[in-house]
Amino acid sequence: MTKTFMPQMETLDELRDLQLKGLQKTVKHAYEGSPVYRKRLDETGIGPESIRSLDDLEKLPFTTSKDLQEGYPFPLLSVPFEKVVRIHASSGTTGKRKVLCYTKKDIEDWTHFFARCYEMAELTAEDRVQIAVGYGVWTAGASFQLGCEEFGAMAIPAGPGNMDMQCEFLMDMKTTVMCCTASMGLLLAEEVHHRSINDKVHLKKMIFGSERASDAMRNRIGELLELEHMFDIPGMTELYGPGTGLDCVYHTGIHYWADYYILEILDPETLKPVPEGETGEMVVTTLEKEGVPLIRYRTRDLTRLIPGQCECGSILPRHDRILGRSDDMIIFRAVNIYPGQIDHVLSGIEGIGSEYQVILDRKEDGKDYMTLKVERDQCVAQGRDAELSGQIGKEIKKQVFVSAGVEIVEYGALPRSERKSKRVFDNRD
Ligand code: ZN
């Protein structure tokens, strides 16, 4: 039998048993190792012995990014310094940065489940993996590489940028898998096309890290490079870094490593679980992490769990792509809406551009109204406006559960920004 990095269990009951053991271990470890965690747990009257079942998870206090910033430079450290073998940090001004410490076991665990990503993407030892992400304290190229070596494929640690070199490696090393951001993937695809070197390039798969690839971007990359598969690799520094899950070749959501962390999806207002399949904030609790364990860490990222089992047969549960940040949530007629949901609906409709605005007004009748301004695509005739606005309204109603007026505007009519464009205009107070 070939080596596998998948969890060796067959039922969800086995997975839950393992999660309970990991949770008990983590609470005990954090309580004994970190004065901050101990104080907080004592204040809530919860001790390591209080965790008898997975339902006890909800008794535990939350951890937030403030906890990780306030303890600068070594927040929530739960082991003695001599056990720390590496740090990574999120960018930000000094004191706002989150520095995370890793023990040897943390790095080994991370390497193991990163190798699982390559297995999930159905690579083999024959594959040649060009790793074009940053290496250093802010980014974790090292994890892509260690995971690749552990898996047994050939790593080409190219680093980001330098298109000449990337193209040269693609041809000379006969790279089959590329790991990069989606933006870089697009640049590379256009470069390969521009240089007419398609027939010398053997790329089959791309793994996108650190930013969400829009559907338009993916389609363009896939077309230009004739790829078999594109995968999204999630990851945040607080939770090891990249590699905490991957979509399988069926691409029906991201399988996440539930044997290394528990994922709760909570309503960001009430902090209670949302019904399965609905969007909420990702809250994570680690099961094995030693350096900086996380207990109910509020990530502020929004997604939903995907109900049911995947066709691939894996028992590892799935979450959707990240739909945005809970800080961006709009409450409209008692429905929680995230701009990412609207983005998602619009990206599934042909004939419109990628720019849009959401305008919220309160009218004389005291009710709230939503207007969506959406750009017509460049090559689409004005005569289709009524049809397009009707289709958008219908899809918004179906997928976001609200009614919105839709106004189609000329291509290029909405402002563009190199940074994040302002898309929501709330005129209600
Ligand atoms: Zn699957």
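## Close-up views of the predicted model

**View 1. Helix 8 is covered by elements that include helix 7, strand 6 and strand 7, which lie over its buried residues.** The model is predicted, so local features are given only at pLDDT of at least 70 and side-chain atom pairs only at pLDDT 80 or more, while totals for chains, interfaces and linings use all residues. Residues are numbered from 1 along each chain as its sequence is written, and side-chain values use heavy atoms, with hydrogens and water left out. Helices (DSSP runs of H or I, at least four residues) and strands (runs of E, at least two) are numbered from the N terminus. The buried residues of helix 8 are M217, R218, I221, G222, L224 and L225. Buried stands for under 20% relative accessible area, exposed for over 50%, and partly exposed for what lies in between (1.4 Å probe, protein chains only). Contact, the basis for cover, means heavy atoms within 4.5 Å. An α-helix has 3.6 residues a turn, so residues three or four places apart point the same way. E226 follows helix 8 and has a positive phi, near 50°.

**View 2. A parallel open sheet has its 5 strands in the order 4-3-5-6-7.** Two strands pair if DSSP finds at least two bridges between them. Axes are lines fitted to C-alpha atoms, for helices over the stretch in contact, and angles run from 0 to 180 degrees between N-to-C directions. Helix 7 (residues 182-194) packs on this sheet, where it touches strand 5 (177-180) and strand 6 (205-209), and its direction makes about 130° with that of strand 5. Helix 8 (residues 215-225) lies across strand 6 and strand 7, at about 140° to strand 7. Strand 3 (residues 128-131) runs parallel to strand 4 and is joined to it by 3 bridges. The bridge partner of Q130 in strand 4 is I156.

**View 3. V129 belongs to the largest nonpolar core, which has 70 residues.** A nonpolar core is a set of buried Ala, Val, Leu, Ile, Met, Phe, Trp, Tyr and Cys residues joined through side-chain atoms within 4.5 Å. L60, Y118 and V129 touch the most other members of this core, and helix 4 (residues 104-120) gives the most to it, with 8 residues. Neighbours within four places in sequence aside, V129 contacts Y118, L123, C148, A153, M154, A155, I156, V177 and C179. A second, separate core of 23 residues includes A189, I197, M217 and M230. In soluble globular proteins, nonpolar side chains tend to be buried together.

**View 4. The zinc ion has a tetrahedral site with 4 donor atoms.** C248 (SG), H255 (NE2), C310 (SG) and C312 (SG) are the protein donors, 2.1 to 2.4 Å from the zinc ion. Donors are N, O and S atoms within 2.8 Å of the metal (3.2 Å for Na, K and Ca); water is not among the atoms, so sites may look incomplete. The angles among the donor atoms are 103 to 115°. Four donors count as tetrahedral if all angles lie between 85 and 135 degrees, four as square planar and six as octahedral if opposite donors are over 155 degrees apart and all others between 65 and 115, and anything else is irregular. Along the sequence, the spacing of the donor residues is C-x6-H-x54-C-x1-C. C310 is buried, at 5% relative accessibility, whereas C312 is partly exposed, at 32%.

**View 5. An antiparallel open sheet has its 4 strands in the order 12-13-14-17.** Strand 12 and strand 17 (324-325) stand at the edges with a single partner strand each, so one side of each has no neighbour in the sheet. Strand 13 and strand 14 (residues 297-303) pair over 4 bridges, and the bridge partner of E281 in strand 14 is L302. E269 lies in the loop between strand 12 (261-266) and strand 13 (280-286). E269 is exposed, with a relative accessible area of 53%, and is in contact with M329 and I331, leaving aside its neighbours within four places in sequence.

**View 6. Backbone details at P73, Y240 and F401.** Most residues other than glycine have a negative phi, and most peptide bonds are trans. The peptide bond from Y72 to P73 is cis, with omega near 5°. Y240, in strand 9, has phi near 65° and is buried, at 1% relative accessible area. F401 also has phi near 65°, but is exposed, at 61% relative accessibility, in the loop between helix 10 (385-400) and strand 22 (405-409).
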